[in-house]
Amino acid sequence: MNQPDPAAPQEQDWTDGHVARWLPVLPGLDPVVEGAVTRMKKLSVHLRRVREQSLLDFDVERHEFDTLHKLAGRGGSAAPSELAEDLDLAPASVTGRLDALEKRGFVRRTPSTADRRRVVVELTESGRTTWLGAMDVLGHEEERLLGVLDPAERATLNDLLRRVMLAAEADPDHSHWPR
């Protein structure tokens, strides 16, 4: 991939105009920090909108998708208590979600082979197809956006963002990060 000439004028994006508007108002504003943070926020909003549209397209509510996603992340099978923990919800809330997902044919509950008093929740083929379809829409958009970078640039961006996240996660006053 050809590397851009650092001396050549760069194409401007929305954030460049944002930073230019605020520099006279806030003379101490670091344009690089403001640009990076604003771009991260704008990209996050964009990806959230793509995800929400994919959920509409697949006729899945966000809480339904989240439950399917956590179940898929456990290999397609989990105990309701594990899903409650993964979703940070009360077990009764998970039961309601599972009832609705079962009615839609996205999951099935079967007795545990290890303990007949327990049930195992499994993704059905329909549930897996719906979950994967919604995931693919977002995945394609992520690939499209990061596809403007070569593999080394993507790795560098990932490493830089990891360093920023480690600083954010290390702040004891902001312990809201999921683990």
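In β3, V121 stands opposite A78. The model is predicted, so to speak of local features requires pLDDT of at least 70 and side-chain atom pairs count only at pLDDT 80 or more, while totals for chains, interfaces and linings use all residues. Residues are numbered from 1 along each chain as its sequence is written, and side-chain values use heavy atoms, with hydrogens and water left out.

Strand β3 (residues 119-123) and β1 pair in the antiparallel sense over two bridges; strands are DSSP runs of E with at least two residues, helices are runs of H or I with at least four, and both are numbered from the N terminus. Two strands count as paired if DSSP finds at least two bridges between them. The open sheet has three strands in the order β1-β3-β2, with antiparallel pairing. Its edge strands, β1 (77-78) and β2 (107-111), each pair on one side only. Helix α5 (residues 91-103) packs on this sheet and touches β2 and β3, its direction making about 115° with that of β2. Contact here means heavy atoms within 4.5 Å, and axes are lines fitted to C-alpha atoms, for helices over the stretch in contact, with angles from 0 to 180 degrees between N-to-C directions.

Elsewhere, helices α2 (residues 31-57) and α6 (residues 125-146) have axes that come within 8 Å and cross at roughly 150°. The two are therefore roughly antiparallel to each other, a term for angles over 145 degrees. Residues of α2 in this contact include L43, L47 and V50, and those of α6 include A134, V137 and L138.

Note on methods. Angles under 35 degrees count as roughly parallel, over 145 as roughly antiparallel, 65 to 115 as roughly perpendicular and the rest as oblique.
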